[in-house]
Amino acid sequence: MVYMGFIVAMLVIPALIIGLAFLLYALTGRSSS
Amino acid sequence: MNLDPHVYAFVAYFVVVLAIGFYAAKYSSGGVSEFFIGGRTLSRFVVALSAVVSARSAWVFLGLSGLAYKMGVSAIWFVVGFITSELFLFMFFAPRIRKFSGRHDCITVPDFLAARLQDRLGVLRFVTVVTILMFMLPYISSQFVAGGKSFAGAFELSEMYGIYITAGVVMLYTLLGGFVAVSLTDTVQAVVMIFGLVALPVLVIIQEGGLDQVLQSLGPMQIDPTQITIGMLVGALGLGLGSVGNPHITARYMSIRDVDGLRYAGVLGTVWCVVMCWGAVFVGLAGRVAYPDVALLPGGDAEKVFPVLTESFLHPVFAGVVLAAIFAAIMSTADSQLLVSVSAIVRDIYQKMIRKGAEISQFSLVLLSRVIVFSLVVLAIWFGFRFEGQLHDLIVLAWSGPGAALGPMMLLSVFWKRMTLAGGVAGVLVGVVTVLLWVNITVMVDGVETPLNKAYVGEIVPGFVASLAACCLVSWLTRPPEDATALMSEMSN
């Protein structure tokens, strides 16, 4: 629990951003095809 | 001159970027479209990396790692805003502007605005060009100064020679190879930068006894991302508002060969940027463990943490490569800003305003562009020698100025049919004035006169909001172009 803030900042947030990138890639591909 | 192993890595790096300049010369000499946007032939890979690194500058290495050293993991909020905003731009904004600019042969941002908002008198083109030059030129100067200082520090040269060498290399490959050279060198620089930002924190953390040991050594404040004031958080996230208005980023979207490649470029650029920026934050955290007191860093300056760790923890040859990465960051930004400024002068002022309607050979325009590259570099060096003040503040202002003044107009022109020419002019003027006032008006904080951008929130937030309001208000009061529906459909089909 002590490192929860660190894990969120250094792992969860970048993972969410990268996940969002792949999600938008998939969604925009579907709408354009 | 001290010929240590650093020098070999540096020389090798400079040889590579100059070779790219010579290689790209044959692609850039065909005409202004080739010189300024590579004839719209760039691959998705090159567009992704060059868009990301030309927007970042040495701030990632020096500023961001310094922020992480001082603030701990809260420094991530300074990158979350622009990474996500640029992701959305790649996915939704870039395809529309690429389609439109291809159909109307737009090669600069003022070109796009003139075509979209039917600027027949060139009023909007003029205010946009003045805004671009006003903020870009000091920024190019500051990059040369930053390069000169780092060069001088690394090789025991005088700062003057450092500035000449940095400016000379940038000038030579930009002058020869235009946009293709700038984009290809940006791509090489992106690879060098990511090496520096991943390798260094990993090595330092291993040598400091592993991640667990590093985390135990850091104080609770350093590992808590909520240790940031609301004003600072808004300003940090607000930096993301700047991306859309900075023309050297938008020009990348216009240069891609296939429109669908922008989605791929969005994913690659985002992943690359996340790795670079979080790497820089790790550098700051690792530096805090290696040097717990800022007084241990040269001059008590937290922004020195990256070069100091490099010197202390890496083999001299790798240290040379990593220090070259700082130059890569400086050069990849300076070259892009330089080319945008040259395009504003040659394409927008000379070809589209002074010689409007005249037949000018493409050879003459490219030749003139090369002369202007040379002239602007000389001007930037001249400014650079007279530059005094904080580099970080100037970089934020140079990013925020075009971001606030041009960003709302760009977004609305692409997504809102009711956007008008008068609305655009009003938006630019209000944005510029708001930004300049915000950094110059002071209030008393703890008995010290403090500018509004330091006392409350960064200048981009009020500048962007005021410009957006002006664009919307004036557009509602004026008539949009008669064929606005057709113009908008040219972006979506």
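**Pocket, cavities and a hairpin in chain B**

I began with the lining of the second largest pocket: by class, I found eight nonpolar, five polar and 10 charged residues there. (Nonpolar covers Ala, Val, Leu, Ile, Met, Phe, Trp, Tyr, Cys and Pro; charged covers Asp, Glu, Lys and Arg; the others, Gly among them, are polar.)

The model is predicted: local features need pLDDT of at least 70, side-chain atom pairs count only at pLDDT 80 or more, and totals for chains, interfaces and linings use all residues. Residues are numbered from 1 along each chain as written, chains are lettered from A and ligands numbered from 1 in the order written, and side-chain values use heavy atoms, without hydrogens or water.

**Entry: the pocket**

I noted the volume of the second largest pocket as about 390 Å³. The lining has 23 residues, and those closest to the centre are B:Asp111, B:Arg125, B:Gln351, B:Lys352 and B:Lys356. Helix 6 (109–116), helix 14 (316–354) and helix 15 (362–386) of chain B each give at least two lining residues. Helix 14 has the largest share, with four residues.

The terms I used: on a 1 Å grid over the protein atoms alone, a pocket is an open set of points with protein on both sides within 12 Å along at least five of seven lines, a cavity is a set where a 1.4 Å probe fits but cannot get out, and lining residues have an atom within 4 Å of a point. Points join across faces, edges and corners, and the volume is the space filled by probe spheres set on them.

**Entry: the cavities**

How many cavities of 30 Å³ or more are there? I count two.

The largest cavity has a volume of about 140 Å³. I find 19 residues around it, with B:Pro247, B:Ala251, B:Leu339, B:Val340 and B:Ser343 nearest the centre. Its lining draws at least two residues from each of helix 2 (32–37), helix 6, helix 8 (159–207), helix 11 (247–254) and helix 14 of chain B. Helix 14 gives the most to this lining, six residues. So far, helix 14 has turned up in both linings: it leads in the second largest pocket and in the largest cavity. By class, the largest cavity has 13 nonpolar, four polar and two charged lining residues.

The second largest cavity is about 50 Å³. Its lining consists of B:Val52, B:Ile83, B:Glu86, B:Leu87, B:Phe90, B:Gly266, B:Gly269, B:Thr270 and B:Cys273. Two or more of these come from each of helix 5 (77–104) and helix 12 (261–290) of chain B. I sorted them as five nonpolar, three polar and one charged.

**Entry: the whole chain**

I count 20 helices and two strands in chain B. (Both are DSSP runs numbered from the N terminus: H or I of at least four residues for helices, E of at least two for strands.) Along the principal axes, the C-alpha atoms fill a box of roughly 65 × 50 × 40 Å. Of the 493 residues, 61% count as buried. (Buried is under 20% relative accessible area, exposed over 50%, partly exposed in between, with a 1.4 Å probe and protein chains only.) I also looked at contacts, meaning heavy atoms within 4.5 Å. Among those in chain B with a separation of 6 or more, 84% join residues 24 or more positions apart.

**Entry: the hairpin**

I looked up the strands next. Strand 1 (442–445) and strand 2 (448–451) of chain B pair in the antiparallel sense over four bridges. (Pairing needs at least two DSSP bridges.) B:Thr442 stands opposite B:Pro451, and B:Val443 has B:Thr450 as its bridge partner. Two residues lie between the strands, and B:Asp446 takes a positive phi near 50°.

**Entry: two single residues**

B:Thr434 sits in helix 17 (421–440) of chain B. Is B:Thr434 buried or exposed? I log B:Thr434 as buried, because its relative accessible area is 17%. Leaving out residues up to four places away in sequence, B:Thr434 touches B:Pro462, B:Gly463 and B:Ala466.

B:Met160 belongs to helix 8 of chain B. I log B:Met160 as partly exposed because its relative accessibility is 37%. B:Phe22 is 138 residues from B:Met160 along the chain, and their C-alpha atoms are 26 Å apart.
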